[in-house]
Structure formats: structure tokens, C-alpha cells
Amino acid sequence: MSELRETTYLEAIRDAMAEEMRRDDRVFILGEDIGVYGGAFKITEGFLQEFGADRVIDTPISEAAIVGAAIGAAHMGLRPIAEMQFIDFIAPAFDMIVNFAAKSRYRTGIGAGLVIRGPCGGGSRSGPFHSQNVESYFVNVAGLKMVAPATARDAKGLLTAAIRDPDPVLYFEHKYLYRRVKEMLPIEEEIVVPLGVARTHRAGSDLTIVTYGGMLYKTAEAAELIAGEDGAEVEVIDLRSLRPLDTDAIVASVRKTGRLLIVHEASEFGGFAGEITAQVSEHAFEWLDAPIRRVAALNTPVPYAAALEDYYLPQVDDIAAAARWLLAY
Amino acid sequence: MLLTRGLEERLEILLKQGHLVGSIYRSLGQEATAVGSAFALGAGDWLAPSIRDMGALLVRGLDVRDVLRQYTARGTSLCAGKDNTNHFTVPELGLLGPISPLGTQLCVLNGVALAFQQRRQSCVCMTYQGEGASRTSASHEGFALAAALGLPIVVWLEHNRWAFGTPSSRESAVGDWLDAAAMYGVPAQSVDGNDVVAVYAAARTAVDRARTGGGMTILVAETYRMLGHAQHDAQKYVLEAELEQWRARDPIDRCVAVLSHMGASGAELDGIRRTVAAELDQAVDEVLAEPPPLADDARTRVYASANLDAAVPWTRGPVPGYGGIAPHVRLRT
Ligand SMILES: Cc1ncc(C[n+]2csc(CCOP(=O)(O)OP(=O)(O)O)c2C)c(N)n1
């Protein structure tokens with residue numbers, strides 16, 4: 001057992017990149033303000049000094065060019081990590097991701113093993129353009145993989161796996177968790193969390209709640225509340241990966257509990273819960289004792305004012321209310 | 001310029017006091033570019049300021065109270081608490097606001113100019129972007145289209161040396177940003193962005209050209225971002241000597257010197273400062289007394305029809321099929 005150190009979610013991301021860059025000189029990072037400045041959230045602080053300007057590349061403000069260059073470098077056998085300063089700014093790179101990276105292997109047999117990562121999510125009063133959850137903009141695109149860690153261990157382990165993966169991986173890190181989530185992690189020890197494998201965050205037999213990313217904590221809080229007040233045991237599944245999706249884990253849990261609630265921070269309409277719902281009705285319909293329900297953000301842009309954003313975002317009370325409704329069904 | 005600087009200072013104070021959350025992208029040291037250029041437009045013209053062009057908003061007639069309302073997320077703000085920073089789209093004032101994704105604004109302003117062309121109106125559009133924003137694909141496309149179509153647009157490239165923590169030398173290989181402007185095949189010119197009179201003169205020439213069918217002009221404002229990107233950035237990467245050099249070129253000091261030379265008295269100038277301070281004091285008091293938006297307003301205005309407002313989340317409204325959440329849990333046996 002190696003020594004443990006308290007590691008924030010943000011440090012876990014930093015450690016995953018730094019350790020992978022030490023292990024493998026094909027790994028490099030490019031993006032805006034990541035070198036001299038050390039990253040808008042200081043994730044890559046010290047990287048330029050340690051790894052040099054060849055591997056820590058400050059780019060112009062040009063997301064399409066950043067992702068495009070990452071694709072080309074991946075074709076050449078390098079392992080690029082492209083940082084979006086905020087995941088909202090992935091939009092200018094949409095073409096590169098959806099049409100170049102995602103379709104590359106299918107069309108040409110040449111893969112594009114790259115990671116595109118950036119801060120997503122709301123709760124920090126950042127308004128419509130620095131708060132989005134963009135997974136559903138991409139989830140319909142075959143060829144892309146997608147992960148959304150909630151814990152520090154998963155932040156590190158999924159990023160390591162994503163860097164090593166031969167296909168393009170979108171890595172959504174929730175900025176609200178950056179410094180709020182901490183965990184004891186082994187120093188300098190390799191953590192790899194395989195893509196496509198969900199994690200049971202809390203075991204239970206009465207209701208399954210499937211969630212991921214920033215919503216894990218509110219969901220877990222609601223589950224504890226219900227255990228304490230209602231005596232019901234909620235099973236909380238943290239998906240970790242959205243694509244590939246661990247359908248087996250979801251289905252197994254639903255077959256056990258007979259009830260499913262899906263919680264995500266992105267808007268409800270066309271959100272990822274729809275896909276999970278379809279999977280479960282295809283694979284576990286006969287085991288369901290209640291309709292599948294979801295709790296997600298309002299179908300609006302992310303508003304700025306505190307009162308509006310709090311109303312927009314799913315809250316613990318919403319999750320608890322939905323869970324109770326399902327338990328009582 | 002005094003109003004711009006004073007307003008931004010108030011916003012920083014409000015941030016420290018917790019009346020607003022987020023970032024204020026200060027235009028300290030760059031006020032002359034936004035202010036001088038906006039004065040070159042007339043009624044009916046449209047202006048699309050970027051986040052560091054507070055001065056242009058005010059010249060255009062935006063009420064400082066509306067700025068304060070938006071930053072402090074009042075329910076009375078023009079955006080009803082939904083958006084933040086300097087994002088103001090106000091047709092009556094000929095204002096097209098930016099969105100945060102950089103470089104996009106010019107593309108949309110092109111459409112405003114197209115409308116002027118189609119309606120045979122001799123109105124002009126003006127916009128601004130940082131040298132950093134000018135590297136985006138959207139910006140390049142916006143320039144290409146406006147130039148090719150000969151649209152009546154004046155674009156300021158605000159070369160303030162920094163894009164967040166990245167020096168402009170890393171944003172482009174051009175030494176002189178006039179070269180970056182010149183590549184689109186339209187008239188381009190460098191301007192001392194800290195000289196409000198020079199800015200006005202250059203803007204006026206370009207606006208007149210656009211108004212008389214001469215198409216787009218790109219003006220490069222040579223200026224300097226005197227503070228960090230926003231409050232979280234202590235700009236440790238900037239050399240103090242460089243700041244010192246640019247402090248000596250402060251646009252307000254220079255304007256005051258010109259006015260004094262032209263005969264303005266110290267008392268007159270102090271009077272202006274006092275008027276500005278009083279206006280801001282009153283505006284802050286007034287706005288802080290106004291209420292935040294109601295939570296439920298988050299659902300509105302997504303579409304034109306109120307019928308399409310976002311639904312009340314089912315967990316907060318009457319629960320379907322049950323008329324309420326069952327009082328106790330019935331576990332399966
Ligand atoms: C497409 C996009 N990528 C990244 C950002 C994040 N960002 C906001 S401001 C900024 C720097 C802008 O620099 P510049 O355009 O030169 O304007 P300045 O701040 O110097 O006025 C960056 C990188 C963004 N808003 N949009």
C-alpha cells in the first residue's frame with residue numbers, strides 16, 4: 001500500500017495528466033492559457049516547467065484548430081489531451097469532433113485516440129455560457145466515448161483510461177466539484193477506471209437511482225434522507241461513463257428493485273435519461289413495478305440569478321420527492 | 001470615460017460586498033477605444049460591443065442602472081436575471097450584445113448590416129473584438145463574409161496585448177496586428193487606442209466610408225489591458241515596467257490634459273467627476289433596493305408563446321396521477 005494523500009477532484013485530474021505524461025512521452029496537452037498561466041482553473045499549474053513547451057502547448061483562441069490538431073497528432077500515434085477552457089466552448093469544435101474525430105475509424109480504419117476535456121456544469125452562478133452540460137449534444141454520435149466522473153478517484157482513473165483509449169473520449173469534469181470533492185488517494189499510484197463500467201455508490205433494494213457527474217452528491221443526500229426518514233433503501237448507481245453505457249449494471253439493479261429514477265443536471269428534454277429509459281424498458285420492463293421517472297434541469301438555458309439557477313437545477317428535495325413518489329407507487 | 005471607469009469600480013466594490021457573483025472584465029486603460037468610437041455613430045446605427053466595451057454601451061445611451069441591475073441579477077434587469085456581464089441586446093439603442101463564445105458577434109452583426117443593405121438604409125454597424133477573439137473560426141468567417149459582401153461595418157480589433165493569460169504574440173505570428181487586419185482585403189488602419197480623439201477621428205472616417213457604400217473597415221486599437229483578465233487573475237505574468245509605461249498613457253489623464261490645454265478649468269473637471277460620482281451613488285442605491293427575480297421566472301421566455309414555457313418540474317408541482325406525493329411509503333411485501 002502506498003501512502004495516501006487527500007486529493008481534490010481537481011488535483012485528481014491534474015495528477016492523472018501529469019502521471020500519464022511522465023509515463024508516456026506521447027501524451028501532451030494543448031489549449032488556451034494552459035501553459036504560462038497554468039490553466040483558467042490552475043489545473044495545469046507547473047506543467048510547462050515540468051514537461052516543456054513541446055508538450056504543454058498554449059494555443060490561440062481556436063477550439064476548432066485545437067481539436068483538429070489533436071486529431072492529426074493522434075493519427076501520428078501521439079496521445080493528445082485537448083482542453084476546452086469551459087466545456088461550453090466546445091461548440092466551435094463541433095465539426096472537428098462530430099465529423100472528423102468520431103467518423104475517422106469507421107471511414108478510414110485510422111483511429112483518433114484523443115481526449116477532449118473541460119469544465120461543465122452549473123451551480124456557480126456563471127450564467128448561460130459557462131454552466132452547460134453538453135453530453136446530449138454529442139451522445140447520438142457513434143464513434144465518441146463520453147465520461148463524467150463524480151469522485152476524485154474516478155476523475156483520476158477515468159482520465160488515465162481515457163488518455164490510453166484508442167478512440168476519442170469526451171471527458172466532462174464538473175467545475176462545482178473541483179475543490180469541493182476530496183478523497184484519500186494513493187500517491188503516485190496508477191488508478192485506472194475502465195470506460196463503460198458503472199459503480200454502485202450505495203446499495204439498496206427498494207429503488208434504483210441512476211445518476212452521474214455533479215448530481216451524484218444531491219442524489220446520495222436524498223437517499224440518506226429517505227433511509228433515515230422512511231426506512232427505504234435506495235440503490236444509487238453512478239454511471240461514470242455515458243458511452244459506452246453500462247446497461248448491464250442498470251438492468252441488474254432495476255431487476256432487483258423494480259423501480260427506477262434517473263437524475264441528471266442537463267435539461268430534461270432529449271436528455272440522457274431518455275436513452276436509459278429506453279434501455280430499461282427494452283431489457284427490464286417485466287421487472288418494473290412503477291413507471292420510470294426522471295429528475296433533470298428545466299428545459300431552458302441556464303439562468304444567472306441565484307433564485308433562477310436554483311430553480312433550474314435539480315435539488316435534493318426534488319430527488320427525494322420523486323423517490324418517495326416511486327417508492328409509494 | 002469617467003463614467004465607465006467609475007461604474008466598473010462600483011461593480012468591483014459590489015462584487016467584494018457580495019452583491020454580485022461572477023467576473024467583471026474591466027476596461028481600465030482601454031476606455032478611450034470604446035467611448036471615442038461609439039461617438040462616431042448616429043441614431044439608427046447599430047453597435048455590438050464586446051465585454052470590455054462598457055464605455056460604448058454608455059455612449060449609446062444604456063442607463064447605468066440597467067448595467068447595475070444585470071450584474072447584480074435583479075428581476076428588473078433587461079434580461080430578467082437570466083444573463084450576466086455586458087451582454088446587452090437593446091434594439092431601441094442599436095445594441096447587439098455578445099455571447100460568451102468569442103468571435104461569434106461579428107457574424108451576427110453581418111446580418112444586421114445585410115438588413116440595412118436590403119432596406120436601402122444608409123445605417124452602419126460597428127463592433128469590437130480582442131485580438132484573441134479574432135483567432136476563432138467564427139471571427140474569420142465573419143470577416144470574410146463582411147468583406148466579400150461589402151457590408152457597412154467597422155470592426156475594431158482591440159489589441160490590448162493579452163488574451164486572458166496569453167500574450168498577443170502567442171495568438172498570432174504577426175508582429176503588427178495591422179497585418180492581421182489587412183488580410184481580409186478591406187481598408188485597415190492602426191490607431192492609438194488610448195487617445196480618445198484619434199479613436200473618434202478614425203472611427204468617423206470609417207463610419208463615413210461605410211455609410212457611403214465603401215464597405216468594411218478594420219481598425220486596430222493599440223492599447224493595454226491594465227488589470228488581469230478578471231478579478232481572479234492577479235496578472236503575475238505582466239511586467240511592472242510595462243504597466244508603468246502604459247499607465248503614463250492613461251486615456252483619461254490624456255484627455256484631461258487636452259481639455260486643460262483647450263482651457264477647461266480644474267473646477268470644471270472636478271465638477272464632472274462629482275456629477276459622475278453622484279449619479280453612480282444614486283444608481284447603486286436605487287438598484288440594490290430592487291428585488292431579485294422570482295424563481296418561477298426561470299421557466300419563461302424560452303419561446304415566443306407562453307404556452308411553450310418550461311413546465312413546472314413534476315417534483316415541485318402536483319404529482320401526475322396522484323394529486324400529491326403519497327404521505328407514507330408503501331413498500332412492496
Ligand atoms: C470560443 C471561446 N473560447 C474561450 C473563451 C474563454 N475566454 C474568455 S475571454 C478570453 C480571452 C479573450 O481575449 P481577447 O479576445 O484578446 O479579449 P480581451 O480579454 O483581451 O479584451 C478567453 C480565452 C471564450 N469566451 N470563448
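These legends describe close-up views of a predicted model.

**View 1. The ligand lies between chains A and B.** A shell of 21 residues surrounds the ligand. The closest are B:Leu102, B:Gly130, B:Gly132, B:Ala133 and B:Ala163. By residue type, the shell divides into nine nonpolar, six polar and six charged residues.

**View 2. Chain B touches chain A.** The contact takes 45 residues from chain A and 45 residues from chain B. On the chain B side, α6 (137–149) and α7 (168–171) each supply at least two residues. That side of chain B divides into 23 nonpolar, eleven polar and eleven charged residues.

**View 3. Chain A holds an open sheet of seven strands.** Strands of a sheet pair through backbone hydrogen bonds, either parallel or antiparallel. In this sheet the pairing is mixed. The strand order is β3-β2-β4-β5-β7-β6-β12. At the edges stand β3 (56–58) and β12 (241–243) of chain A. Each has a single partner strand, so one side of each is left without a neighbour in the sheet. Neighbouring strands are turned by 20° against each other on average, direction ignored.

**View 4. Strands β4 and β5 of chain A pair in the parallel sense.** Strand β4 covers residues 79–83, and strand β5 covers residues 115–120. Three bridges join this pair. Within it, A:Ala82 of chain A stands opposite A:Ile116 in β5(A).

**View 5. Helix α6 of chain A packs on the sheet.** This helix spans residues 152–164. It touches β2 (27–31), β4, β5, β6 (145–147) and β7 (169–174) of chain A. The direction of helix α6 of chain A makes about 160° with that of β7(A).

Technical notes. Residues are numbered from 1 along each chain as its sequence is written. Chains are lettered from A and ligands numbered from 1 in the order in which they are written. This is a predicted model: local features need pLDDT of at least 70, side-chain atom pairs count only at pLDDT 80 or more; totals for chains, interfaces and linings use all residues. A residue is near a molecule or strand if its C-beta atom, placed from the backbone, lies within 6 Å of it. Ala, Val, Leu, Ile, Met, Phe, Trp, Tyr, Cys and Pro count as nonpolar, Asp, Glu, Lys and Arg as charged, and the others, Gly among them, as polar. Two residues are in contact if their C-beta atoms, placed from the backbone, lie within 7 Å. Helices (H or I, at least four residues) and strands (E, at least two) are DSSP runs, numbered from the N terminus. Two strands pair if DSSP finds at least two bridges between them. Axes are lines fitted to C-alpha atoms, for helices over the stretch in contact, and angles run from 0 to 180 degrees between N-to-C directions.
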